[in-house]
Amino acid sequence: GVRNALVEDFKEWPLRGDQGALWENFLVAERRKANAYRGFHGGTWFWRTHTGAELDYVEECDGRLSGFEFKSRERVAAAPAGWLSAYPEASFATIHPRNYLDFVAP
């Protein structure tokens, strides 16, 4: 809201050029709140290789990694090959508008 007021950008959601960034920000903020409420004591990061492959959000808890890719439209993304080879035991999920509640309110 504050950012949009400063840049005077009040377009409707379908017309926005920053949907992905807003969606990612919302999901990370809500997940971190949920984790704090439930006493989650693991680490959180994003993951990116020097070639540009990335995951939007990674959690580590009790030595187990979980990677997440955020999509503002309902579609499933494949885990990056680099993630799979570096962390073969890690989990991976795509978070989108139809399944985000399970992510932000576990």
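The exercises below work through salt bridges, nonpolar cores and aromatic pairs in a predicted model.

Residues are numbered from 1 along each chain as its sequence is written, and side-chain values use heavy atoms, without hydrogens or water. Because the model is predicted, local features need pLDDT of at least 70 and side-chain atom pairs count only at pLDDT 80 or more, while totals for chains, interfaces and linings use all residues.

**Exercise 1.** Describe the salt bridge between Lys33 and Glu30.

Step 1. A salt bridge is a side-chain nitrogen of Lys or Arg within 4 Å of a carboxyl oxygen of Asp or Glu. For Lys33 and Glu30 the closest N and O atoms are 2.7 Å apart.

Step 2. Helices (H or I, at least four residues) and strands (E, at least two) are DSSP runs, numbered from the N terminus. Lys33 and Glu30 are three residues apart in helix H2 (residues 19–37), so about one helical turn separates them.

Step 3. Buried means under 20% relative accessible area, exposed over 50%, and partly exposed in between (1.4 Å probe, protein chains only). Lys33, at 40%, is partly exposed, and Glu30, at 24%, is partly exposed.

**Exercise 2.** Are the partners in the salt bridge of Glu74 and Arg98 buried or exposed, and where in the chain do they lie?

Step 1. The side chains of Glu74 and Arg98 meet at 3.3 Å, N to O.

Step 2. This pair links distant parts of the chain, 24 residues apart. Glu74 is in the loop between strand E3 (64–70) and helix H3 (81–86), and Arg98 is in the loop between strand E4 (91–95) and helix H4 (100–104).

Step 3. Glu74 is exposed at 52% relative accessible area, and Arg98 is exposed at 67%.

Step 4. For contrast, take the salt bridge of Glu69 with Lys71, with N and O atoms 3.7 Å apart. Here Glu69 is buried at 11%, and Lys71 is buried at 17%.

**Exercise 3.** Which residues make up the largest nonpolar core?

Step 1. A nonpolar core is a set of buried Ala, Val, Leu, Ile, Met, Phe, Trp, Tyr and Cys residues joined through side-chain atoms within 4.5 Å.

Step 2. The largest has eight residues: Trp23, Leu27, Tyr57, Phe68, Phe70, Ile95, Phe103 and Val104. H2, E3 and H4 each give two or more residues to this core.

Step 3. Apart from it lies another core of six residues, including Leu55, Ala79, Trp83 and Ala90.

**Exercise 4.** Classify the ring pair of Trp47 and Trp83.

Step 1. Rings of Phe, Tyr and Trp (its six-membered ring) pair if their centres lie within 6.5 Å; planes under 30 degrees apart count as stacked, over 60 as edge-to-face and the rest as tilted. This rule gives ten aromatic pairs.

Step 2. The ring centres of Trp47 and Trp83 are 5.6 Å apart and the planes stand at 75°, so the pair is edge-to-face.

Step 3. Trp47 is in strand E1 (residues 43–48) and Trp83 in helix H3, 36 residues apart. Trp47 is buried at 13%, and Trp83 is buried at 1%.
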